[in-house]
Amino acid sequence: MIWQNHIIIGAALAAVIDPVLVPVGVLGATAPDWLEWIFKVKHRTVTHVVLYWLAAMGLFLLLDWHRVGFGFALGGFSHVFADSFTIAGVPFAPWSESRFHLFGGKLRAGNGGEYVVTGLVAALCFGFVLYSPVKIGTAAEKENGFIPFFYNWKKFYEDGLIDGAEWKKNRFNFF
């Protein structure tokens, strides 16, 4: 997959965990490729092993109560998960010579199918974040359905924080 789609998928999955972790998820989603450059290894080898990223997610889930490490590992896992849809696939375990493919590995980098998969993952994650009964943040933020990076202009107007003119000007500005 191309890097833009890795970023979208990593950000979408991180937003499901906690929208504040989106930048960390994006960093993790690009990690398997930039780690290749740092460690000077061949593409889709050591840094793309599925079990390594699953182990990192499990480790950070147990040890990291801020979930920053988990967000990074989730982004890295999303990268190798997305690459498993491609023809080249990814190694599942370090001792395995075969490649891991999801749905037969039919996608090629930059083809339309890649964008369909990215769009479906992003839409599912966005829907989950919007309609999830679990809300993050302080008690007041939970009550108002707080989602970082999205402004609730109607609520600002109702609370008297902004006037009618500012509400009309910004009511369709979602970011």
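This is a predicted model: local features need pLDDT of at least 70, side-chain atom pairs count only at pLDDT 80 or more; totals for chains, interfaces and linings use all residues.
User: What share of the residues is buried?

Analyst: Of the 175 residues in the chain, 35% are buried. The surface can be read next to that figure. The chain exposes about 10700 Å², and carbon and sulfur atoms supply 69% of this area.

User: How do I read contacts by their separation in sequence, and what share join residues at least 24 apart?

Analyst: Take the contacts between residues at least 6 apart in sequence; 51% of them join residues at least 24 apart.

User: Which residues make up the largest nonpolar core?

Analyst: A core is read as a set of buried nonpolar residues whose side chains are joined. Here the largest one has nine residues: Met1, Ile9, Ala12, Ala82, Phe85, Leu107, Val117, Val121 and Cys125. Two elements, α1 (3-17) and α5 (112-131), each give two or more residues to this core. Helix α5 gives the most, with three residues. A second, separate core has six residues, including Leu35, Trp53, Val80 and Val90.

User: What does valine 117 contact, leaving aside its neighbours within four places in sequence?

Analyst: With those neighbours left aside, valine 117 is in contact with Met1, Phe85 and Leu107.

User: Now the surface. Which residues form the nonpolar patch?

Analyst: The patch consists of Leu27, Trp34, Trp37, Ile38, Phe39, Val41, Val46 and Tyr52, and together they have about 830 Å² of accessible area. Helix α2 (residues 22-39) gives the most to the patch, with five residues. Phenylalanine 39 is a case to look at: it is found in helix α2, and it counts as exposed because its relative accessible area is 56%, where the cut-off is over 50%.

User: Is tryptophan 95 buried or exposed?

Analyst: Tryptophan 95 is exposed, at 68% relative accessibility. Its place is the loop between β1 (90-91) and β2 (99-100). Sequence and space can be compared here too: tryptophan 95 and valine 49 are 46 residues apart in sequence, and their C-alpha atoms are 9.9 Å apart.

User: How should I read salt bridges, and how many does a search of the whole structure find?

Analyst: Side chains of opposite charge can pair when their charged atoms come close. In this structure the search finds two salt bridges. One joins aspartate 18 and arginine 67, with the closest N and O atoms 3.0 Å apart. Aspartate 18 lies in the loop between α1 and α2 and arginine 67 in the loop between α3 and α4, so the pair ties together parts 49 residues apart in sequence. Aspartate 18 counts as buried at 12% relative accessibility, whereas arginine 67 is partly exposed at 31%.

User: Which side chains meet in the other salt bridge, and where do they lie?

Analyst: The side chains of arginine 44 and aspartate 83 meet at 3.3 Å, N to O. Arginine 44 is in the loop between α2 and α3 and aspartate 83 is in helix α4, so this pair links distant parts of the chain, 39 residues apart. Both residues are buried; for arginine 44 the relative accessible area is 9%.

User: What about backbone angles: which residues have a positive phi although they are not glycine?

Analyst: Arginine 44 has a positive phi of about 55 degrees, and arginine 67 has one of about 70 degrees. Each of these arginines also takes part in a salt bridge.

User: What does the side chain of threonine 86 reach?

Analyst: The side chain of threonine 86 reaches the backbone oxygen of aspartate 83 at 2.6 Å. Threonine 86 sits in the loop between α4 (68-83) and β1, and it is buried, with a relative accessible area of 4%. Apart from neighbours within four places in sequence, threonine 86 is in contact with Met1, Arg44, His101, Gly105 and Leu107.

How values were computed. Residues are numbered from 1 along each chain as its sequence is written. Side-chain values use heavy atoms; hydrogens and water are left out. Helices (H or I, at least four residues) and strands (E, at least two) are DSSP runs, numbered from the N terminus. Buried means under 20% relative accessible area, exposed over 50%, partly exposed in between (1.4 Å probe, protein chains only). A nonpolar core is a set of buried Ala, Val, Leu, Ile, Met, Phe, Trp, Tyr and Cys residues joined through side-chain atoms within 4.5 Å. Contact means heavy atoms within 4.5 Å. Accessible areas come from the Shrake-Rupley method with a 1.4 Å probe; for residues, only the protein chains shown count as cover. Patches are made of residues with over 30% relative accessible area and no salt bridge: like charges are joined within 9 Å, nonpolar side chains (Val, Leu, Ile, Met, Phe, Trp, Tyr) within 5 Å. A salt bridge is a side-chain nitrogen of Lys or Arg within 4 Å of a carboxyl oxygen of Asp or Glu. A polar contact is a pair of N or O atoms within 3.5 Å; within protein, one must be able to donate a hydrogen and the other to accept it, and residues adjacent in sequence count only if both atoms are side-chain atoms.
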